[in-house]
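Subject: Structure for you to look at

Hi,

Here's the structure I promised to pass on. Have a look at it first, then read my notes below.

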Amino acid sequence: MSSDPLFSTPGEENSLYLELTDGIPGAIFQYILHPDGTDQLSYISRGCVDLWEIEAAELKRDPGPLWEMILPEDVEGLARSIRGSAETMTFWRHEWRIKPASGVVKWLSGTGTPKQRENGDICWNSVIIDVTRERQTQEALDSFFDQRMTMNAMVDFEGKFVRVNGLWETKLGYRRDELEGEVFIEFVHPEDREKTLGEAGRVVENSEGSSEFENRYRHKDGSYRWLSWSSVTSPEAGLIYAVAIDVTEARIADDKLRQAATVFQSTVEGVMISDLDNRIIEVNDAFFQITGYTEEEAIGKTPDLLDSGKHDPSFFNAIWQSVRENGHWRGEIWSRRKDGSVFPELLTISTILNKDEPVGYVTVFSDISTLKAHQEKLDYLAHHDPLTGLPNRLLFNSRLQQSIRLSERTGRSIAVLFIDIDRFKNINDSMGHPTGDELLKHVAARLREQLRASDTAARLGGDEFVVLLEDIEGAEHAGQVADTLMKAFKKTFAMDGVEIGVTVSMGISLFPQDSNDAAELLADADAAMYQAKENGRNTYAFYSSESTARALEYVFFENALRRAVSDNQLFLEYQPQFDLEPGKLTGMEALIRWQHPDKGLITPDRFIPIAEQNGTIRNIGQWVLQTACHQGKAWLDAGLDIGRISINVAASQFHDENFLAEVLAIVDESGLPPEHLELELTESSFMHQPERAIPKLHALRERNITIAIDDFGTGFSSLSYLKRLPIDKLKIDRSFVMDLPDDEEDKAIVRAIIGLGKTLKLKTIAEGVETEAQVAFFKQAKCDAQGFYFSRPLGTDAMDAFLRSPQTTTL
């Protein structure tokens, strides 16, 4: 124990001191920081057991466990506060969180005064207490203050807004930072400022809560809204706590009632007019419709006729006090119909004045049972996906957090399955969004069918679903569920007489193996899903660091692609195409390349699929078309024979409603004669909905633009539709070419495609030709070709030289 007098009181005095310190809630101790950075505890009271759940003797031997139980995000802050106190020798105060052996997170608050010893040690005689309940209470109060049912405000005694909640922006248009720190009276209508200041002064001076008080506040747009206030004062804090509701509509309604009492029969709200003794003298038809009482049954009675029994006398006394003092009261109340049923109503009672003298009261009320039901429905919609009825992200996160807390106690595992429909965008583009939405409903229903009642399936948005598996034994159980879901999705979906087949990619993360944080578990499952897609789709993968890396790469591409066009990072290369019979150049294919400033050259197979998913393919496609057309025009102006420039068009780009107009506008603007342009489309671009595609193709053909089907034979073409399509060329995919002429099956397929082209009077061209034997094969078959045998893709300058050399443009 230290020789410091505070901890060396002799005899009974020391015993009494220890008894006192050990009896005080919290921990009283001396903390020593040595010059070499190590620390120790020279004294600590028994209160440490309640705080840290460790005996004092253990902590005196080694304070290390105290640091180990601090939440990682709080460690640096605590250390920094101790160093700061040591460096400046100033009073130390700090709050932090710990997670002791019980697993319950606690908030601790510590104070202490530093003192330096001759040997360089710095000592703090400190007190640490558990402030968890206070922090929870403060968080609850903050949550209550920020609820959006009323306009809440704190105002200091100088009249400045200290704090307002978010409803102020909804009602008056001001952001919080535009109000907080400003004098509230500046926002009050000039005609209401005197009475407002008087009311504020009365509340401050008498420390009384205000009765219902109304004034007008300026909206940000310059108009004024009527607000009804209630407030209380805290002299100790120097604050007025005020609550307001917007009663503008009620004021307008009251004015109209006073001005047009003769038309009250037409309103859907129930209306009662009563005398100063509150005897009913007139009711409207809606009164009967709402309450069931006829005019004869109500006249001469008091509103007690409708008393539900749910409110005590003090409630009604407060209402009538407000009516007498303010001329009106407005609020919700429970009433009873003639048949005995109880219902909620929105009620307004106003004093009827005749030359400023009260002559009676008008009561307007409406049955808000439907409104209450709508509120319940809105609450449901706030937590569920409106399309599928599944829980949404908000509700899923809440259930995941609850499940984590439960599993921390039970020791059981949790699995999160992130599910994405493969190539869902192609379905939307080719078959339309209504069909896509209907498919999402079927997917949601199938998920429900395969899961336990204790599991949760949710839709996060788009084609992304997520499943929470609670109370499982581990990865094997999660894998079994994933297998079950994969099998379930092998069955097609029947919609409007059409069978649609889809596959899904799933990523799986596990608690506690991968993380004990809800957000991280979801992110890990998302990363694993991208790994499943990288593995070929239609499969699932468990989370790994590689999954995260691939997900990050996807995010990088998604963001970088949006800058690629504007920052001039894209460029084109051109690959020559030849008619082998005369051995003459017939055109070239424009191929996009991406030179990223940090990543270097990025090939199209890495970024085009992402561009199609995030929608940037449209801008990229426009850039390719503009660049290629302008370059083609430049070559023609230079007297060079370019044949046709062939440009690839993505399916989503083709289905854009502005595609045709954009193509024709670019061609006209560039000056390139249309007969020198060829557009390559994949089979999926028009085979899902050929009736929508055919008019576009005809319009392009009418402008002498050539249409080619790219990668022919790899899709799912319908020959009945193929003969109707206004196309000019079939492009044989390189996968059928690479093993020619040795592979007999590929040879048969290629000959069939060439024969089909001749029958339909279409030209054919093979891509990926690399050997002399392949050249001989396609020359004999009278099929055009392109590939490395003739030339690799060339940059603009190299292609220019190629076009100017007779030796390269003929074979």
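A residue counts as buried when its relative accessible area is under 20%, and as exposed when that value is over 50%. Keep in mind that this is a predicted model.

You'll find D192 in the loop between α8 (176-179) and α9 (193-206). What does D192 touch, leaving aside its neighbours within four places in sequence? The contacts are N215, R216 and W226.

Now go to L378, which sits in helix α14 (residues 369-383). Its relative accessible area is 55%, over the 50% limit, so L378 is exposed. Together with Y380 and L381, L378 makes a nonpolar surface patch of about 300 Å².

Last stop is helix α17, residues 433-450. The buried residues of α17 are G436, L439, L440, V443, A444, R446 and L447. Looking down the axis of α17, you'd see these buried residues fall within an arc of 165°, which means they line one face of the helix. On the face turned away from that buried side, α17 carries the exposed residues P434 and E449.

And what covers the buried residues of α17? The cover includes strands β16 (413-421), β17 (456-461), β18 (464-472) and β19 (493-495), along with helices α16 (424-431) and α18 (475-488).

Cheers

Key: Residues are numbered from 1 along each chain as its sequence is written. This is a predicted model: local features need pLDDT of at least 70, side-chain atom pairs count only at pLDDT 80 or more; totals for chains, interfaces and linings use all residues. Side-chain values use heavy atoms; hydrogens and water are left out. Helices (H or I, at least four residues) and strands (E, at least two) are DSSP runs, numbered from the N terminus. The expected span of a helix is 1.5 Å times one less than its number of residues. Buried means under 20% relative accessible area, exposed over 50%, partly exposed in between (1.4 Å probe, protein chains only). The arc is that of the directions from the helix axis to the C-beta atoms. Contact means heavy atoms within 4.5 Å. Patches are made of residues with over 30% relative accessible area and no salt bridge: like charges are joined within 9 Å, nonpolar side chains (Val, Leu, Ile, Met, Phe, Trp, Tyr) within 5 Å. Accessible areas come from the Shrake-Rupley method with a 1.4 Å probe; for residues, only the protein chains shown count as cover. A salt bridge is a side-chain nitrogen of Lys or Arg within 4 Å of a carboxyl oxygen of Asp or Glu.
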